[in-house]
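Here's a friendly walk through one structure for anyone meeting it for the first time. Have a look at it, then read on.

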Amino acid sequence: MPTIPQLSFTFYKRSTIALVIFALFNIIVGQFTNIDLMIQDYYFDTATQQFPWKNTWFAKDFMHGYVKYVITDIGRLLLLVVILDFIFSWQKPWRFISQWLGIRLRFVAIASLLIATPISIFKHFSALHCPWDVTRYGGFAPFLRLFDTVPSAMQPGHCFPAGHATVGLWLAALCVFWLPHKPKTAFAVFLAGLSVGFALGWVQQMRGAHFLFHTLWSSWFACLVILTMVSLIKSLNKAS
């Protein structure tokens, strides 16, 4: 019976170490350096007190519009296929995709929901503001790092982590189609998916909509979700 991959203990050990290193990197970059401010300073025009990329066709209409809609529609189509497959799977003669494909499509669909939904919820309760709301860039709110104390009188900014990046980050879950037989290809697909999400996040930084550490933590969370899902499915397979 085809299942989601059974991977070695070494894989999980290395992946866990990589996640810890990634988290430490995010903390160092976001909390103890000024890289975030350096990037936003580069994209901010002090003469006009604006982010020139904010309303450009490429950044706003194409990357934050068309690309977002295309990937989102692909995700919705995937969810529809998974739901239909689940319904028809109860009647085997009517099943329209193989079990091997169905299992992996379900994996990707669930990953897309588990990556985007918690980040959206966390943003709702987040106090951190976007760059264009920060006083350094003509806004009204102080610049705060992730572990800074939030002033009691400050209105929440609802800007952390980066939500737009999740539009592409779930594509990293497509790596499951190449596991366990082609781990190198799977890793390349995983990185490619993360790169799409990171690119979407970077354009938002160009527009003044997010700081770098917003995008980095969204990327880290996507890695955590995918690794956890593979680990849990491995455990379920072993128990069955």
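Let's start with Arg 106, which is partly exposed, with a relative accessible area of 25%. This is a predicted model, so keep that in mind as you read on. The side chain of Arg 106 meets that of Asp 85 in a salt bridge, at 3.3 Å from N to O. Asp 85 sits in helix H3 and Arg 106 in helix H4, so the pair ties together parts that are 21 residues apart in sequence.

Is Asp 85 buried or exposed? Asp 85 counts as buried, because its relative accessibility is 1%, and buried means under 20%. Arg 106, at 25%, is partly exposed.

## A bridge within one helix

Now stay with helix H3, which covers residues 57-88. Here Arg 76 and Asp 73 form a salt bridge, with 3.6 Å between N and O. The two residues are 3 apart in the helix, which means about one helical turn separates them.

How open are these two? Arg 76 counts as exposed, at 56% relative accessibility, while Asp 73 is partly exposed, with a relative accessible area of 43%.

## A bridge across the chain

How many salt bridges does the structure hold? There are 3 of them, and one joins Asp 41 to Arg 136, with the closest N and O atoms 2.8 Å apart. This pair links distant parts of the chain, 95 residues apart: Asp 41 belongs to helix H2 (residues 35-43), and Arg 136 to the loop between helix H4 (99-125) and helix H5 (166-169).

Both ends of this bridge can be described in the same terms. Asp 41 is partly exposed, with a relative accessible area of 34%, and Arg 136 is partly exposed too, at 44%.

## Stepping back to the whole chain

So what is the chain built from? It has 7 helices and 0 strands, giving the pattern α-α-α-α-α-α-α along the sequence. Its C-alpha trace spans about 65 × 35 × 35 Å along the principal axes.

The chain has 240 residues, and 44% of them count as buried. If you take the contacts between residues at least 6 apart in sequence, 77% join residues at least 24 apart.

## Surface and charge

Terms used:
Residues numbered from 1 in each chain as written. Predicted model: local features only at pLDDT ≥ 70, side-chain atom pairs only at ≥ 80, totals over all residues. Heavy atoms only, no water. Helix = DSSP H or I, 4+ residues; strand = E, 2+ residues; numbered from the N terminus. Buried < 20%, exposed > 50% of the residue type's maximum accessible area, 1.4 Å probe, protein only. Contact = heavy atoms within 4.5 Å. Salt bridge = Lys/Arg side-chain N within 4 Å of Asp/Glu carboxyl O.
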